[in-house]
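Subject: Structure handover

Dear colleague,

I am passing on the structure below, and after it you will find an account of what was found. Please keep it open while you read.

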Amino acid sequence: MERLSISKFWRIRKLHYTLAYSKCKKCGYAFYPPKHVCPKCGSSDLEQRTPPREGKLISWTKLYEVPFYFEDQKPIYIGLINLGEVNVMAQIVDVLSEDELREGAEMEMVFRRVKQDGTAGLIYYGMKFRPAHRSGSSKQGQ
Ligand SMILES: [Zn+2]
């Protein structure tokens, strides 16, 4: 079973909390998660960028078999979401109806519990997405 240490989580926190990505200054390729070298041209001249908090759904799937720390949430939705220059794969939460998951649907980033470390009692948080522009939804779930 994989365990995320506090120190590892601290190192990758920016990734978790903002979905920061890399953009290559040489060839212009943007990718998530960020790396030290461009996977397209091999350049290490990269800049880190922060994507917008809203994006558009490209496609999604529903998972019935999930890692143990998602047991209480299953089945879960996983979506591929376009955030401008990059696409990210993330969990979609607060889905009231699968009609909300049409291609091109507006999605917004939300900050949610990802997993709880059973032995240490630590709770890890990260970014997930939910259907956007639901009436009154922007002020809820803070
Ligand atoms: Zn490049």
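The four donor atoms around the zinc ion subtend angles of 104 to 115°, so their arrangement is tetrahedral (four donors count as such if all angles lie between 85 and 135 degrees). Ideal angles for four tetrahedral donors at a metal are 109.5 degrees. The protein donors are the SG atoms of Cys24, Cys27, Cys38 and Cys41, at 2.3 to 2.4 Å from the zinc ion, where a donor is an N, O or S atom within 2.8 Å of the metal (3.2 Å for Na, K and Ca), and sites may look incomplete since water is not among the atoms. Along the chain these donors follow the spacing C-x2-C-x10-C-x2-C. Cysteine 27 sits in the loop between strand 1 (21-24) and strand 2 (30-31), and cysteine 41 in the loop between strand 2 and strand 3 (46-49), so the pair ties together parts that are 14 residues apart in sequence. Both are partly exposed, cysteine 27 with a relative accessible area of 41% and cysteine 41 with 32%; buried means under 20% relative accessible area, exposed over 50%, and partly exposed in between, with a 1.4 Å probe and protein chains only.

Before going further, please note that this is a predicted model, in which local features need pLDDT of at least 70 and side-chain atom pairs count only at pLDDT 80 or more, while totals for chains, interfaces and linings use all residues. Residues are numbered from 1 along each chain as its sequence is written, and side-chain values use heavy atoms, with hydrogens and water left out.

As for the overall fold, the protein chain has two helices and eight strands, which from the N terminus on run α-α-β-β-β-β-β-β-β-β; helices (H or I, at least four residues) and strands (E, at least two) are DSSP runs, numbered from the N terminus. Of its 142 residues, 36% count as buried.

Which kinds of aromatic pair does the structure hold? There are two aromatic pairs, a pair being rings of Phe, Tyr and Trp (its six-membered ring) with centres within 6.5 Å, where planes under 30 degrees apart count as stacked, over 60 as edge-to-face and the rest as tilted. Tyrosine 29 and phenylalanine 31 are stacked, at 5.6 Å centre to centre and 25° between the planes. Tryptophan 60 and tyrosine 77 have ring centres 5.6 Å apart and planes at 65°, so that pair is edge-to-face. The latter pair links distant parts of the chain, with tryptophan 60 in strand 4 (residues 54-63) and tyrosine 77 in strand 5 (residues 76-83), 17 residues apart.

Turning to charged side chains, the count comes to nine salt bridges, each defined as a side-chain nitrogen of Lys or Arg within 4 Å of a carboxyl oxygen of Asp or Glu. Aspartate 94 meets arginine 112 in a salt bridge (2.9 Å, N to O); arginine 112 lies in strand 7 and aspartate 94 in the loop between strand 6 and strand 7, so the pair ties together parts that are 18 residues apart in sequence. Aspartate 94 also forms a salt bridge with arginine 130, the closest N and O atoms being 3.6 Å apart, and here the two residues, with arginine 130 in strand 8, are 36 residues apart. Arginine 130 counts as buried at 6% relative accessibility, whereas aspartate 94 is partly exposed at 31%. Elsewhere, Lys23, Glu47, Arg49 and Glu85 are linked in a network of salt bridges.

Terms used:
Tetrahedral: all angles 85-135°; square planar, octahedral: opposite > 155°, others 65-115°.
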